[in-house]
Amino acid sequence: MLAQYSCKSLEGRLYTVVMAIVALVVSLAPADAWADQDDPLAAGQVVLAIGQVSQGEQSLTTGDPVFPGDRLTTGADGYLYIRTRDNGFIILRPQTAVTLTTYHIDSADPAQSRFRIDLHEGVARSITGTAVKAARDNFRFNTPVAAIGVKGTDFTAYTDAHTTRIVVVAGAVIASPFGAHCQPGGSNRCQGPGALELNAAQSGRILQIDKTQGVKLLDSPQANPDHAAPPRKDEPASPDEQRAAFARPDLTPAKSISPLTPARPVLPAAPYTGPALQWGRWGALAQADKALDLDKAIATHQIASLNPYFILLQPKGVQWERPASRTLDFQLQDAQALIQRQADGSTYAAQVENGRLNMDFATSRFTTRFDLLADGERIPRHAEGQVFPDGTFQNVSQYLGNNNMAVDGRLSQEGDSRAVYLFQSQLDEQRTAYGVSDWAAKEMPMLNPSK
């Protein structure tokens, strides 16, 4: 059921969740669009192009393919997100130049695949795909100063002509300065004298390779590549960062939220005041005559997730226990969605239909999909991701794998199993969808919540 929350008692504050994995701006290109526009020679496809971004002398837009040999550049306001053929991810931040020197996937013998990316200047992030994981020794990320190899890795690098700095989000990197044992023209991972490894467990440390100072580890936040070119809020974060952010939501000064377009309002509903998961519209969308006192609600509940228009709360002190069933299918019970226009920030209602949600507890994975009805269109949305031991379920990124929306949800045990998740998805360059969906399990397992 729907619960609506008034912002009257919390005027002047806006709850924001510090997360990059569940983002305010989501994928402009559905994961299944690749199959429709596949070019056997392409290395990847642009899923987000902001500001000045170029492929050689040509401007890039969402949906464009990129090819081995392409030189990609961003201007002072440019951000470029590329999904690779093997569901990896390459991000260029402002004032960055990269060449996709080699991106060859050998489907007959995956270990013979070859990859080389050259970062000439600026800040870029690399999240390796499935093909790279099968041929890690054949992956090379060059800068003017060093060669970077990977061990199933997600890392960000900054470089200029003299210095390279690297921070690792997941996995590990091995960086080697160029010299007799590591040549710039090579394509394999360098592991000779002078090579140094950095892994994600070394939190806060930066690996620096300098032409005059050599290779060393730094602890200064000023050396982090994020300091040189900060990431957008929609840039994926590591799963640990994402989950920590939800456990400790940030409270920052309120921002203005555009009201619903009066001609097309979201329909009101009575608040739900039960002991379990509670959700609803909040902030500027809460209606005073139907509102639930949020101060009262958070006396017994804590914020589980939120976006600019919807909020999800879960009971304090209740531990989720995995159901006896290996898998559960859920039926859609209730949902609300709205579309925000990018041009003026106005919003209007949308509908959610044909919902499906499956939890596979044997593999700790979930899949979900539904149709979003807006502006006379039926727009399929889908996501898949991980189910965590505490009953949280989230996808890693709307840009990777079989995802075209960001999902953050919770499972509840209330006599029958229930799931609620918030979602958001950029439908095109003009429209972004935000919403919430409430689900009930088709099968009722034995449940024993403990407080």
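Colleague: Which residues does Leu 80 touch, not counting residues up to four places away in sequence?
Modeller: First, this is a predicted model: local features need pLDDT of at least 70, side-chain atom pairs count only at pLDDT 80 or more, and totals for chains, interfaces and linings use all residues. Residues are numbered from 1 along each chain as its sequence is written, and side-chain values use heavy atoms, with hydrogens and water left out. Contact means heavy atoms within 4.5 Å. With that cut-off, Leu 80 touches Val 46, Leu 48, Ala 49, Val 53, Leu 60, Leu 72, Thr 74, Ile 90, Ile 91 and Leu 92.

Colleague: Which members of the largest nonpolar core touch the most other members?
Modeller: A nonpolar core is a set of buried Ala, Val, Leu, Ile, Met, Phe, Trp, Tyr and Cys residues joined through side-chain atoms within 4.5 Å. Buried means under 20% relative accessible area, exposed is over 50%, and partly exposed is in between (1.4 Å probe, protein chains only). This core has 36 residues, and the ones touching the most other members are Leu 72, Leu 80, Leu 100, Phe 141, Ile 148, Phe 155 and Ile 166.

Colleague: Which strand gives the largest share of this core?
Modeller: Strands (E, at least two residues) and helices (H or I, at least four) are DSSP runs, numbered from the N terminus. The largest share is four residues, and they come from strand β10 (residues 114–127).

Colleague: Ile 148 has a bridge partner in β15, so which residue is it?
Modeller: Two strands pair if DSSP finds at least two bridges between them. Here β12 (residues 146–150) and β15 pair in the antiparallel sense over five bridges. In β15, the partner of Ile 148 is Ala 175.

Colleague: Why is β15 described as largely enclosed by the rest of the structure?
Modeller: β15 also pairs with β16 (residues 196–199), antiparallel over four bridges, and there Ala 175 stands opposite Leu 196. As for being enclosed, β15 covers residues 172–177, and the reason is how many of its six residues are buried: five.

Colleague: In what order do the strands of the three-stranded open sheet come?
Modeller: β21 (residues 301–306) and β22 (residues 310–315) run antiparallel, joined by five bridges. They form a hairpin with three residues between them, and Ser 305 stands opposite Leu 312. The whole sheet is antiparallel too, in the order β20-β22-β21.

Colleague: Which strands stand at the edges of that sheet?
Modeller: Look for strands with a single partner strand, so that one side is left without a neighbour in the sheet.

Colleague: Are Phe 393 and Tyr 421 buried or exposed?
Modeller: Phe 393 has a relative accessible area of 0%. Tyr 421 has 0% relative accessibility as well. Phe 393 therefore counts as buried, and so Tyr 421 is also buried.

Colleague: What kind of aromatic pair do Phe 393 and Tyr 421 form?
Modeller: Rings of Phe, Tyr and Trp (its six-membered ring) pair if their centres lie within 6.5 Å; planes under 30 degrees apart count as stacked, over 60 as edge-to-face and the rest as tilted. A search of the whole structure finds nine aromatic pairs. In this one the rings are 6.1 Å centre to centre with 90° between the planes, which makes the pair edge-to-face.
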